[in-house]
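This report describes selected local features of one protein chain. Please keep the sequence and the structure in view while reading.

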Amino acid sequence: KPAFLAVHFTELDTAEHDHGPRSTEALAALEKIDGFIGEILAAVRAGGIEGETTVAVVSDHGFLPVAKEVRPGSLFAALGLLDVDAEGTLTAWRAFPWFAGGSTAIYLHPDAPAGTAQIVDKAIDLLASRPERPVRKVYRGEELARLGGFPGAYAVLDAESGFFFSSRLAGPVILDATLRGVHGHTPDREGLAASLLIRGPKIRAGQRIGKVDIRDVAPTLARVLGVDLGPVEGRVLEEIFQ
């Protein structure tokens, strides 16, 4: 009878990466997880604590299907922005594309020689102008800062539908993907919303919460526990409480 229990079920993420969102394998993993949640709820009932237990089911991201892999690092190596050894391992860099799946953040080395930014701009232009159109949008400056991610990045590239950015630093720049699903795009993309289901003795029943920020989950659950997190990002979802 724990005061707080957190369980992370990882199989759905693996299935959607390997086989794609809403694939047969992904739906089978989801059914399996649903069964695990059922076991937990049954244990709560058997323990006689259902009436005092709040349950939250949360996912951290959605998924988009992909068919092509993009390796900005391979292009950066060809342009002399980074160095790799025979195994494709990074040995030195002047600019580096930080892999995030659906996006990649480009960072300039603090001691990069003059002219590095111009070469990076050339690399971005080369990627964005490819016939396959792997880049949906390039974020810079104030527009990038408003996204709230990748502090200090020179630019962020958001992948076009069907593409994802790889961490590989050698080989073809664009090739057929072995993965079938990814996440990590900029937050305005459709299909990437997560899920939040919550029930408990102090929670209003039968209500649609609407779209909320994932950063609201922690302070809301802290309220249930009677814990003050202090100044944090996100807010308590006051509207869900009785």
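Two strands pair if DSSP finds at least two bridges between them. Helices (H or I, at least four residues) and strands (E, at least two) are DSSP runs, numbered from the N terminus. The model is predicted, so local features need pLDDT of at least 70 and side-chain atom pairs count only at pLDDT 80 or more, whereas totals for chains, interfaces and linings use all residues. Residues are numbered from 1 along each chain as its sequence is written, and side-chain values use heavy atoms, with hydrogens and water left out.

**A hairpin**

Strand 3 (residues 82-84) and strand 4 (residues 90-93) are paired in the antiparallel sense over three bridges. V84 has L90, in strand 4, as its bridge partner. Five residues lie between the strands of this hairpin, and G88 takes a positive phi near 80 degrees.

Relative accessible area sorts residues into buried (under 20%), exposed (over 50%) and partly exposed (in between), using a 1.4 Å probe and protein chains only.

| Residue | Relative accessible area | Class |
|---|---|---|
| T116 | 6% | buried |
| S166 | 9% | buried |
| F9 | 27% | partly exposed |
| F36 | 28% | partly exposed |

Contact means heavy atoms within 4.5 Å. T116 belongs to helix 4 (residues 116-128). Apart from residues up to four places away in sequence, T116 touches L81, R94, A95 and L108.

S166 is found in the loop between strand 9 (162-165) and strand 10 (174-176). Neighbours within four places in sequence aside, the contacts of S166 are E69, V70, R71, P72 and F99. The side chain of S166 also reaches the backbone nitrogen of R168 at 3.0 Å. The C-alpha atoms of S166 and T91 are separated by 18 Å, and these residues are 75 residues apart along the chain.

**Aromatic rings**

Rings of Phe, Tyr and Trp (its six-membered ring) pair if their centres lie within 6.5 Å; planes under 30 degrees apart count as stacked, over 60 as edge-to-face and the rest as tilted. The structure contains three aromatic pairs. Why is the pair of F9 and F36 stacked? The ring centres of F9 and F36 are 5.6 Å apart and the planes lie at 25 degrees, so this pair is stacked. Because F9 lies in the segment before helix 1 (11-19) and F36 in helix 2 (residues 24-46), the pair ties together parts that are 27 residues apart in sequence.

Technical notes:
A polar contact is a pair of N or O atoms within 3.5 Å; within protein, one must be able to donate a hydrogen and the other to accept it, and residues adjacent in sequence count only if both atoms are side-chain atoms.
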